[in-house]
Amino acid sequence: MKIDEIQIRVRYGETDQMGVVYHGNYALYLEMGRIEWLRKLGISYKSMEENGIMLPVVSLNINYKKSAGYDDVINVKTQLKNKPAAKIEFEYEITNQEGEILTIANTTLVFIDMKTNRPIRAPQYILDALED
């Protein structure tokens, strides 16, 4: 399945008093990876919402292996787990500059029709983009 990687420099405000990334910020890093993964397919959250589709996270699982700290450059690898249907699942691996695994994670998101607030199948334009 399609894989994308982004690099992020840890900002001071993302750390605690010990200079270690606050655990809740990893969800933001995963979102950044997911947004860029979609963008590189030519899809944006904004355009999906303008077309009446929301994509909320319904499941988030993070396994912390090692800490990241202030000013570290981390690599977020985002991979589609399988072909989307009404849900889309991603797997992630966050590593440091030395290539050490800091975090492994996965998320499940569901395609929701904004008018009915009900799940729908993945839009055809997303399925088509995955075929390229």
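This is a predicted model: local features need pLDDT of at least 70, side-chain atom pairs count only at pLDDT 80 or more; totals for chains, interfaces and linings use all residues.
Colleague: What makes a stretch of chain a helix or a strand?

Modeller: Both are DSSP runs, numbered from the N terminus: helices are H or I with at least four residues, strands are E with at least two. By that rule the protein chain has three helices and eight strands. Along the sequence they follow the pattern β-α-α-β-β-β-β-β-β-β-α.

Colleague: Why is the protein chain called as compact as a globular protein of its length?

Modeller: The radius of gyration is taken over C-alpha atoms, and the globule rule is 2.2 Å times the number of residues to the power 0.38. For 132 residues the rule gives 14 Å; the chain has 16 Å, which is close, so the description holds. Along its principal axes, the C-alpha trace spans about 45 × 30 × 20 Å.

Colleague: Which residues of H1 are buried?

Modeller: Buried means under 20% relative accessible area, exposed over 50%, and partly exposed lies in between, with a 1.4 Å probe and protein chains only. In H1, Asn25, Tyr26, Tyr29, Leu30, Gly33, Arg34, Trp37 and Leu38 are buried. Just after H1, Gly42 has a positive phi of about 90 degrees. Over the whole chain, 39% of the 132 residues count as buried.

Colleague: Why is S4 called largely enclosed?

Modeller: Six of its eight residues are buried, so the rest of the structure largely encloses S4.

Colleague: What makes S1 and S4 a pair?

Modeller: Two strands pair if DSSP finds at least two bridges between them. S1 and S4 run antiparallel and have seven. One of the bridges sets Ile3 against Gln79 in S4. S4 also pairs with S5, antiparallel, over six bridges. There, Gln79 has Glu91 of S5 as its partner. A hairpin of six residues joins S4 to S5.

Colleague: Why are S2 and S8 placed at the edges of their sheet?

Modeller: That open sheet has three antiparallel strands in the order S2-S7-S8. S2 (53–54) and S8 (118–119) each have a single partner strand, so one side of each lacks a neighbour in the sheet. S2 and S7 (residues 112–113) share two bridges. Met54 stands opposite Ile112 in S7.

Colleague: What makes a group of residues a nonpolar core?

Modeller: The members are buried Ala, Val, Leu, Ile, Met, Phe, Trp, Tyr and Cys residues, joined through side-chain atoms within 4.5 Å. The largest such core has 32 residues, and those with the most contacts inside it are Tyr29, Met48, Leu55, Ile74, Ile94 and Phe111. H1 gives the most to this core, with five residues.

Colleague: Which residues touch Tyr29, apart from its neighbours within four places in sequence?

Modeller: Contact means heavy atoms within 4.5 Å. By that cut-off, Tyr29 is in contact with Ile8, Val10, Glu14, Val21, Ile74, Val76 and Ile94.

Note on methods. Residues are numbered from 1 along each chain as its sequence is written. Side-chain values use heavy atoms; hydrogens and water are left out.
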